[in-house]
Amino acid sequence: MSAELAFLFSLALRMAVSAAFVVIASMITERSGPAAGALVATLPVSAGPSYIFLAIDHGDAFIVQSAAASLPMNAATILMCLVFVHLAQHRGLAVSLTAGLAVGFVCAALVRGFDWTLAGGIIFNIVALGVCLPLVQRFRQAKMPLLTRRWYDIPLRAALVATLVAVVVTLSNIVGPRVSGVIALFPAVFTSLILILTPRIGGRATAAVLANGQWGLIGFGLAIVVLHFAAQALGRTTALSLALATCVAWDFGLWLYGRYSVRSSSRP
């Protein structure tokens with residue numbers, strides 16, 4: 001496959017997968033609440049296709065190194081969500097999203113400036129979660145407004161996500177390598193959810209999705225660690241499968257815990 005065809009195929013796959021998952025996550029959020037929507041949003045929607053094409057083009061050692069470099073960006077996404085969650089309680093979409101993305105890009109630039117080891121990435125994630133989880137805990141619940149769905153809602157949401165992913169991926173292949181590395185780690189899924197949900201359900205309910213999503217990002221971080229070690233021992237193909245299974249298992253565990261908590265709280 002030529003380089004141009006491989007890029008177009010990769011771009012189309014990422015656009016389609018991201019659009020499908022973000023639309024599903026937004027619909028689940030509107031129907032079942034922020035906790036359920038966050039479970040879908042924290043699956044490896046954008047990173048998954050990227051790693052698949054990296055695995056096709058490179059060897060096991062490259063995937064091992066990429067996983068170590070990706071782990072700190074999970075912490076950067078957690079910090080971005082913290083900023084949006086707090087600002088969205090009293091500020092509008094433009095201010096909340098801009099401030100959140102600014103923090104995300106600053107963290108991404110700092111991450112790209114260091115040669116991260118896996119241990120360093122794990123410590124960064126632990127510190128970020130230790131700071132952020134307590135600060136967003138009280139924002140995990142929010143009232144969902146009654147909504148009417150129009151016929152063009154789903155196509156419009158899919159088009160928005162696909163366009164955003166296309167812009168991000170294309171820019172990452174045009175600009176220089178240092179800026180490209182930052183843009184390639186852009187949190188397209190969470191940004192798309194914010195753009196879709198905030199006008200629909202309001203800032204506080206959207207913030208609840210991201211607050212719940214921080215628990216899901218723990219599973220994503222664990223999946224990266226699994227990918228790093230499994231690629232060394234078992235090869236990149238098996239490692240990618242195990243990493244995906246880790247994400248799914250973690251989110252399924254969160255879903256089961258949520259159901260258990262609801263049943264426990266409803267008992268007399």
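Tutor: We will take a few features one by one. Keep in mind that this is a predicted model.

Student: Which helix holds Ser 96?

Tutor: Ser 96 sits in helix α5, which runs over residues 93-112.

Student: How do I tell whether Ser 96 is buried or exposed?

Tutor: Look at relative accessibility. Buried means under 20%. Ser 96 has 1%, so Ser 96 counts as buried.

Student: What does the side chain of Ser 96 reach?

Tutor: The backbone oxygen of Gly 92, at 2.9 Å. Further along the sequence, leaving out residues up to four places away, Ser 96 touches Phe 84, Leu 87, Ala 88 and Arg 91.

Student: How far does α5 reach from its first C-alpha to its last?

Tutor: α5 has 20 residues and reaches 28 Å. At 1.5 Å a residue, 28 Å is expected, and the helix is close to that.

Student: Which residues of α5 are buried?

Tutor: Start with the general idea. An α-helix has 3.6 residues a turn, so residues three or four places apart point the same way. Now the case here. The buried residues of α5 are Ser 96, Leu 97, Gly 100, Leu 101, Gly 104, Cys 107, Ala 108 and Val 111. Down the axis of α5, these buried residues fall within an arc of 125°, so they line one face of the helix.

Student: What does the face of α5 turned away from the buried side carry?

Tutor: Exposed residues: Ala 94, Thr 98, Val 106 and Leu 110.

Student: What do the buried residues of α6 pack against?

Tutor: Against α4 (60-87) and α10. Helix α6 covers residues 118-136. Its buried residues include Leu 118, Asn 125, Leu 129 and Val 136.

Student: Where is Ala 231 found?

Tutor: In helix α10, residues 203-234. Ala 231 is buried, with a relative accessible area of 2%. Leaving aside neighbours within four places in sequence, its contacts include Asp 60, Ile 63 and Val 64.

Student: Which residues touch the most other members of the largest nonpolar core?

Tutor: General idea again. In soluble globular proteins, nonpolar side chains tend to be buried together. Here the largest nonpolar core has 66 residues. Val 85, Phe 190, Leu 193, Leu 210 and Leu 227 touch the most other members.

Student: What is Leu 193 in contact with, leaving aside neighbours within four places in sequence?

Tutor: Val 22, Ala 25, Ser 26, Ala 41, Thr 198, Thr 206 and Val 209.

Conventions. Residues are numbered from 1 along each chain as its sequence is written. This is a predicted model: local features need pLDDT of at least 70, side-chain atom pairs count only at pLDDT 80 or more; totals for chains, interfaces and linings use all residues. Side-chain values use heavy atoms; hydrogens and water are left out. Helices (H or I, at least four residues) and strands (E, at least two) are DSSP runs, numbered from the N terminus. Buried means under 20% relative accessible area, exposed over 50%, partly exposed in between (1.4 Å probe, protein chains only). A polar contact is a pair of N or O atoms within 3.5 Å; within protein, one must be able to donate a hydrogen and the other to accept it, and residues adjacent in sequence count only if both atoms are side-chain atoms. Contact means heavy atoms within 4.5 Å. The expected span of a helix is 1.5 Å times one less than its number of residues. The arc is that of the directions from the helix axis to the C-beta atoms. A nonpolar core is a set of buried Ala, Val, Leu, Ile, Met, Phe, Trp, Tyr and Cys residues joined through side-chain atoms within 4.5 Å.
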